[in-house]
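Here is a short briefing on a pocket and a ligand site. Please keep the structure open while you read.

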Amino acid sequence: MEIIHSIAEMTATSRQMRQAGSTIALVPTMGFFHEGHLQLMRFGRQRADRLVVSLFVNPIQFGPNEDLQRYPRDFGRDATLAEQERVDVLFAPDSREMYGPEFQTRITVEHLTAPLCGGQRPGHFDGVTTVVAKLFNIVHPHSAIFGEKDFQQLVVIRRMVDDLNFDITILGHVIVREHDGLAMSSRNSYLSPDERQSALCLYESLQLARHMVSAGEVDVDRLLKEILARMQSYPGVTVDYVAVVDQATLQEKKKVDRSAILAMAVRVGATRLIDNGRLC
Ligand code: PAF
């Protein structure tokens with residue numbers, strides 16, 4: 001596996017791969033790999049001849065009071081895991097390489113970034129779309145793979161790719177969960193044992209909602225009332241949002257149907273966690 005820190009070198013390497021007739025899959029990450037990341041890599045491995053993984057903790061997608069400084073990092077361990085997954089290139093630029101002193105451009109996807117996490121984290125999605133567009137221009141992949149846990153992020157990136165005519169296929173990968181249902185996330189490493197128990201409120205709520213829907217409940221208000229009561233029964237949990245939204249427009253729904261996604265964000269102690277899932 002090649003480890004590349006420079007943008008110029010990454011672009012030259014991708015160009016050579018393309019000239020050799022290879023297809024390239026990109027898995028963008030912020031590192032501190034867990035099984036969820038490794039599954040994205042395995043998926044990418046199957047989709048293309050060459051697999052590039054980017055590892056960059058992107059400062060412009062963190063708000064001033066968010067966890068940029070303490071975001072977990074372990075480059076040595078990540079490099080070993082990526083190598084084991086037969087990654088061809090681990091692209092790990094630093095912030096100065098990605099954002100020079102004159103940097104002043106942002107990409108904004110307008111309406112899709114307003115609800116859900118967009119309401120709680122102003123500027124977050126501009127930071128995501130900007131870095132992802134840069135990675136696309138640097139790596140020039142044929143396909144890029146994103147986890148469905150960050151469901152709004154995936155919808156926003158698909159919109160950007162369509163709107164800006166990136167010739168890249170965006171592939172979503174199903175949420176990878178721990179044995180008890182907690183969605184895998186680098187931020188799970190912040191949780192104390194008690195908080196880890198409370199974090200199950202997300203998956204339990206999803207299961208409760210699915211159970212209610214399979215028993216015939218389609219009214220979103222009644223569903224949300226039950227879910228909120230369930231979430232509040234877990235110690236240390238503050239709900240940021242719980243909503244049933246249309247999977248394409250992210251608009252809130254009144255009735256559950258096949259296009260409905262339950263989207264949730266909570267704080268467990270100081271840790272913000274998200275989860276989502278279909279209801280039928
Ligand atoms: O999902 C993430 O890890 C990040 O938001 C991404 C897509 C790598 C952009 O920094």
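Helix 7 (151-163), helix 9 (201-214) and strand 9 (271-278) each give at least two residues to the lining of the second largest pocket. This is a predicted model.

**Second largest pocket**

- The space in the second largest pocket is about 350 Å³.
- Its lining counts 16 residues, and those closest to the centre are Glu 148, Phe 151, Ile 261, Asn 276 and Arg 278.
- Helix 7 supplies the largest share of this lining, with four residues.
- Sorted by class, the lining of the second largest pocket holds seven nonpolar, five charged and four polar residues.

**Ligand surroundings**

- Which residues surround the ligand? They are Pro 28, Thr 29, Met 30, Asn 58, Gln 61, Val 131, Phe 146, Asp 150 and Gln 153.
- On its own, the ligand has 290 Å² of accessible area, and the protein covers 88% of that.
- By class, the shell around the ligand is made up of four nonpolar, four polar and one charged residues.

**Polar atoms at the ligand**

- The side chain of Gln 61 places an N or O atom 2.6 Å from an oxygen atom of the ligand.
- Gln 153 also has a polar side-chain atom by the ligand, 2.7 Å from an oxygen atom.
- Both Gln 61 and Gln 153 belong to the set of residues that surround the ligand.

Conventions
Residues numbered from 1 in each chain as written. Predicted model: local features only at pLDDT ≥ 70, side-chain atom pairs only at ≥ 80, totals over all residues. Heavy atoms only, no water. 1 Å grid on protein atoms, 1.4 Å probe; cavity = no way out; pocket = protein on both sides within 12 Å on 5 of 7 lines; lining within 4 Å. Points joined across faces, edges and corners; volume = space filled by probe spheres on them. Nonpolar A, V, L, I, M, F, W, Y, C, P; charged D, E, K, R; others polar. Near = heavy atom within 4 Å. Polar contact = N/O pair within 3.5 Å; in protein donor to acceptor, adjacent residues only side chain to side chain. Areas by Shrake-Rupley, 256 points an atom, 1.4 Å probe, with all protein chains shown as cover.
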